[in-house]
Amino acid sequence: MGANAKRVFVASKLPKHTGVSAWVAMLPPRSEKPRLEGSVTADVVVIGAGFAGLSAARRISEIDPSIRVALLEAGVVGEGAAGRNSGFIIDLPHEVSSDDYGGDSMSNSKEAIFIGRRAIGLASAIAAEQGWSHDIFDPCGRYSVAITDEGDQHLVTYAAQLAKLGEKHRLLDAREISEVTGAHSYTSALFTPGTVIVQPAAYIRGVADSLRHPIAVYERTPAIAFESMGQGWLVKTPQGSIRCDKIILANNGHAESFGFFKGRLLHIFTYASMTQEFDPSRLPGDRKWAATPALPMGTSVRRIPGQGGDRILIRSRYTYHAGQVVGEGSLKRAGALHDRKFGTRFPNLGDIRMEYRWAGAMAVTWNAVPAFGEIERGVFAACGCNGVGASKATASGIAAAELVLGDSSELTEIYRRFDAPKALPPQPFTAIGAKANLAFREWMAGAE
């Protein structure tokens, strides 16, 4: 292709979501921003108004408040993948492994912690500025909980590694974690104070609504194509277009829909269920807490207080779907697993049914690095969160904004050092391998 040839990228598909997220259902109807209609201009177009896209827009405004940003959301803000998140903005990696904990491992863990805390720093600044209550944004920390001997041992090992890093933590025995959760199934726990717990749909809505001119948010406005025009780009939507200098792709797995990172992204879905409201007196312990599993692929649990009663969130099960769409059958099977997990942990709530069930997408790379950087002249990616999406996607958005504006920081230097996403095996080997790996890891997590 010649240097002056027009470059055209057309979306092969748009996001589709399965199930109703309880986080959205519990909020009042959204006062939506308008669709884009007609032709406008901007300095930067951000595609995707999730954790990455909103963080990118916010960071751009911090660096240079005069830059015109058009932020495109294919659906309604908060109803996409970000609003289907479990709401943990985590500062510590789930694993800080290596028996001897030598130089490279220590350095990698410190970088992961820096990434998480940079994300929390931006989120905390917005929360303070907007005066959000703890119902939306709560820096309360999290528990990692065990339900088996293997989980207990993992937490002890993890605590020792945190001690080497100088990170605050506290191990709890079965009685102590029972006093927190009201559940007698947990055998031990590890508390770390740095995690922030959010109501993810309310958080995403709140960040979008906090953005001010010259940032324009357009809802129900998918980017369906973009093409080069001179030194810039023309982004097309169903009812309009935007001429801009630069583009940030903050649409995670759907970067592949435009032809980027083909054969380098694994499209994974995770699932959650949330109960109907129940009388808080039926479950002793704290009325609000959040717990991730001791072992990978285990079960995350949150207790959410409300005026009409409390609810329990159960998140478990991961499945691979190359087409980036989950069927109702997958959701039903995940729901059955959630019911069993809920029954094991809270047998005294056996008559409480699940009111909401939903699936949420994430994009994973084989070598666990972000799909990040300048991928075409003037087109930048902040994709491939590899799980822990609220933290990593937020940080990727910040780093992408800084890269676009040439604002070097410790965060951008870390992102520059990441390898490129590794190519996956050809199909059907990727599908076979991914499904087998997920099934094996879920089996290894067992009761956790």
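In this predicted model, five strands form an open sheet of mixed pairing, in the order 1-12-13-14-2, where strands are DSSP runs (E, at least two residues) numbered from the N terminus and two strands pair if DSSP finds at least two bridges between them. Strand 1 (8–10) and strand 2 (38–41) are the edge strands, each pairing on one side only. On average, and with direction ignored, neighbouring strands of the sheet are turned by 15° against each other, the axes being lines fitted to C-alpha atoms, with angles that run from 0 to 180 degrees between N-to-C directions. Within the sheet, strand 12 (residues 225–229) and strand 13 (residues 232–237) run antiparallel and are joined by five bridges; M229 has G232, in strand 13, as its bridge partner.

The structure holds zero disulfides, a disulfide being a pair of cysteine sulfur atoms within 2.5 Å. For C244, which is in no disulfide, the nearest cysteine sulfur is that of C383, 16 Å away. C383 is likewise in no disulfide, and the nearest cysteine sulfur, that of C385, lies 9.4 Å away. C244 is buried, with a relative accessible area of 4%, and C383 is buried at 3% (buried: under 20% relative accessible area, 1.4 Å probe, protein chains only).

The mean pLDDT of the chain, the predictor's confidence in each residue from 0 to 100, is 94, and 97% of the residues reach 70 or more. Over residues 97–103, however, the pLDDT is below 50, and this stretch has 10 contacts in the model beyond near neighbours in sequence (contact: heavy atoms within 4.5 Å). Where pLDDT is low, the predicted coordinates should not be read in detail.

Residues are numbered from 1 along each chain as its sequence is written, and side-chain values use heavy atoms, with hydrogens and water left out. Local features need pLDDT of at least 70 and side-chain atom pairs count only at pLDDT 80 or more, whereas totals for chains, interfaces and linings use all residues.

Definitions and conventions: Helices (H or I, at least four residues) and strands (E, at least two) are DSSP runs, numbered from the N terminus. Buried means under 20% relative accessible area, exposed over 50%, partly exposed in between (1.4 Å probe, protein chains only).
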